[in-house]
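Here is a briefing on one protein structure. Look over the sequence and coordinates first, then read the points by topic.

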Amino acid sequence: MFDKNNKLRHSISLAAMLALSGLSASAWADAYEDAAKKWIGSEFKPSTLTAEQQLEELKWFIKAAEPFRGMSIKVVSETIATHEYESKTLAKAFTEITGIKLTHDLLQEGDVVEKLQTQMQSDKNIYDGWVNDSDLIGTHFRYGKTESITDLMANEGKNFTSPTLDIKDFIGISFTTAPDGKIYQLPDQQFANLYWFRADWFERADLKAKFKEKYGYELGVPVNWSAYEDIAKFFSEDVKEIDGKRVYGHMDYGKKDPSLGWRFTDAWFSMAGAGDKGIPNGLPVDEWGIRVEDCHPVGSSVTRGGDTNGPAAVFATTKYVDWLKKYAPPEAAGMTFSESGPVPSQGNIAQQIFWYTAFTADMTKPGLAVMNADGTPKWRMAPSPRGPYWEEGMKLGYQDVGSWTFMKSTPEKQKLAAWLYAQFVTSKTVSLKKTIVGLTPIRESDINSQAMTDLAPKLGGLVEFYRSPARVQWTPTGTNVPDYPRLAQLWWSHIAEAASGEKTPQQALDGLAKDQDAIMSRLERSKAQATCAPKMNPERDAQYWFDQPGAPKPKLANEKPKGETVSYAELLKSWEAARK
């Protein structure tokens with residue numbers, strides 16, 4: 001706990017300030033409560049709490065903030081709609097309700113990670129609280145630089161942990177829990193990568209008949225990659241034009257850029273079936289192809305028991321290259337993630353296998369070519385199709401879970417004040433409204449609220465997905481990855497070699513696996529990680545590992561089984577039945 005002398009000095013300064021202002025302590029308390037009432041009435045609605053329950057929750061924050069009142073703290077997150085709402089609106093509300101001066105900076109994701117690395121390496125405090133992806137969970141628990149939130153809540157933060165926090169209500173809490181069973185990050189927002197398609201086109205009788213005549217099965221939501229490929233070919237080469245406009249059966253991006261790495265580390269391999277069974281991530285081999293033994297990474301090359309350059313990963317990369325060249329708009333190959341994101345909203349893309357639900361808000365704006373006049377979308381989102389190496393029990397896609405993280409190098413008093421803010425912006429008082437603004441839900445109670453039921457018809461399947469049992473198969477990068485920032489930097493340059501044709505997919509992934517192993521070997525030698533550090537396997541013949549159960553799996557004789565689809569209506573019915 002911060003020392004009593006500091007607390008005493010603060011109390012004296014506060015008393016002096018009150019005396020100078022002519023206000024009593026009770027009058028100041030009333031002012032904070034009045035601010036809480038104002039925000040409840042004007043901004044914090046709808047909520048899963050009643051107005052009375054909201055006020056009680058905020059009264060706790062007012063009381064808990066007393067030792068920190070008048071302090072200035074700084075937190076940071078990446079720039080997305082949810083965090084913009086926090087920075088512009090919730091930070092102001094927090095300051096008015098608690099008296100803690102809060103600055104919430106917004107930076108590009110890469111800059112957030114870079115500054116976080118700097119603080120971890122230097123132990124010099126840059127920010128008092130960080131929202132960074134739970135993809136770093138393997139990094140955080142190994143280096144010993146990050147506070148365990150479990151320990152924080154039990155010890156110095158015990159009196160500053162809200163009794164209504166309700167950890168079990170967070171749908172992403174398993175993603176921020178390390179192998180030691182402790183929570184290291186508190187989810188603040190999350191979104192998935194899903195399949196996106198033009199439901200209006202898929203329902204056209206002429207297109208349905210033409211597709212079935214050629215492929216022998218119904219045009220619908222693809223269950224496997226074979227069907228996705230058939231549909232991509234169908235719209236790009238057979239349909240070609242709809243309402244006089246050139247259309248394409250696939251959308252992606254291929255420019256040599258850091259975002260190209262996200263395309264793959266965000267579960268592209270696991271969608272194809274690389275890695276092992278296991279939720280939230282494959283064990284012992286995860287979707288990055290990294291094998292662990294007793295929590296220690298032992299290799300990513302097939303020759304070390306990994307799967308980064310195994311047949312399933314090579315298949316996935318080959319399809320990525322082929323589909324980009326054959327079925328996407330020609331300009332897609334020169335685009336980055338951010339440049340390609342708005343393209344489907346322009347109305348000439350039939351489907352996209354890998355589409356982030358964070359784009360939902362932008363994709364539902366009135367007047368877009370993909371929106372109906374009544375405010376409902378012409379498109380829908382659904383579970384992504386699976387590749388031929390995929391087996392029941394494996395993860396099927398990615399969820400980005402931006403989560404509150406606190407460094408041990410942050411002075412305790414500032415850390416605890418930032419912990420209050422983290423709880424405030426995830427509290428039930430504000431979380432439903434924040435979900436409606438940013439469409440990045442974090443709480444079970446919000447997802448199942450009447451407000452989300454009312455919104456569902458305008459969100460193209462987002463609510464149905466998050467209410468479905470299927471959502472547990474969409475998970476972030478897991479704990480097998482020992483140093484996310486360093487390893488993630490390798491992916492985009494190697495994948496770009498395959499995308500450009502400079503190397504074959506096998507050659508590109510061989511180089512990636514080799515470089516990953518080199519970094520993990522250096523981590524092993526450096527002894528920089530406090531727990532579960534890499535202990536690299538010696539290399540041995542690849543066939544030895546192919547002969548073992550699980551990943552890496554040997555190459556399939558047939559990598560394109562018959563296409564399989566399901567109607568969207570039947571898909572929704574199956575989700576509803578599974579919920580009962």
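## Briefing

The structure holds 1 disulfide (a pair of cysteine sulfur atoms within 2.5 Å). This is a predicted model: local features need pLDDT of at least 70, side-chain atom pairs count only at pLDDT 80 or more, and totals for chains, interfaces and linings use all residues. Residues are numbered from 1 along each chain as its sequence is written, and side-chain values use heavy atoms, with hydrogens and water left out.

**Disulfide**

- Cysteine 295 is joined to cysteine 532, with an S to S distance of 2.0 Å.
- The torsion about this S-S bond is about -90°, so the disulfide is left-handed.
- Cysteine 295 sits in the loop between strand E8 (291-293) and strand E9 (296-299), and cysteine 532 in the loop between helix H22 (505-526) and helix H23 (542-546), so the pair ties together parts that are 237 residues apart in sequence.
- Helices (H or I, at least four residues) and strands (E, at least two) are DSSP runs, numbered from the N terminus.
- Cysteine 295 is partly exposed, at 22% relative accessibility.
- Cysteine 532 is buried, at 10% relative accessible area.
- Buried means under 20% relative accessible area, exposed over 50%, and partly exposed in between (1.4 Å probe, protein chains only).

**Helix packing: H11 and H21**

- Helix H11 (residues 258-265) packs on helix H21 (residues 484-500) at an angle of about 100°, with the axes 7 Å apart.
- That makes H11 roughly perpendicular to H21.
- Axes are lines fitted to C-alpha atoms, for helices over the stretch in contact, and angles run from 0 to 180 degrees between N-to-C directions.
- Angles of 65 to 115 degrees count as roughly perpendicular, under 35 as roughly parallel, over 145 as roughly antiparallel, and the rest as oblique.
- Pro258, Leu260, Gly261, Phe264 and Thr265 in H11 meet Tyr484, Trp491, Trp492, Ile495 and Ala496 in H21.
- The residues of this contact divide into 8 nonpolar, 2 polar and no charged.
- Ala, Val, Leu, Ile, Met, Phe, Trp, Tyr, Cys and Pro count as nonpolar, Asp, Glu, Lys and Arg as charged, and the others, Gly among them, as polar.
- Lysine 256 is in the loop between strand E7 (245-246) and H11.
- Lysine 256 is exposed, with a relative accessible area of 55%.
- Beyond its neighbours within four places in sequence, lysine 256 is in contact (heavy atoms within 4.5 Å) with Trp492, Ser493 and Ala496.

**Nonpolar cores**

- The largest nonpolar core has 115 residues, of which Trp225, Phe235, Trp268, Phe269 and Tyr320 touch the most other members.
- Helix H13 (residues 311-327) gives the largest share of this core, 10 residues.
- A second, separate core of 48 residues includes Tyr32, Leu165, Ile173 and Leu420.
- A nonpolar core is a set of buried Ala, Val, Leu, Ile, Met, Phe, Trp, Tyr and Cys residues joined through side-chain atoms within 4.5 Å.

**Enclosed helix: H17**

- In helix H17 (residues 428-438), 9 of the 11 residues are buried, so it is largely enclosed by the rest of the structure.
- The buried residues of H17 pack against helix H3 (51-64), helix H4 (81-98), strand E4 (186-198), helix H16 (412-425), helix H18 (444-447) and helix H19 (450-455).
- Serine 431 lies in H17 and is buried, at 0% relative accessibility.
- Leaving aside neighbours within four places in sequence, serine 431 is in contact with Thr426, Arg443 and Asp446.
- Leucine 439 follows H17 and has a positive phi, near 55°.
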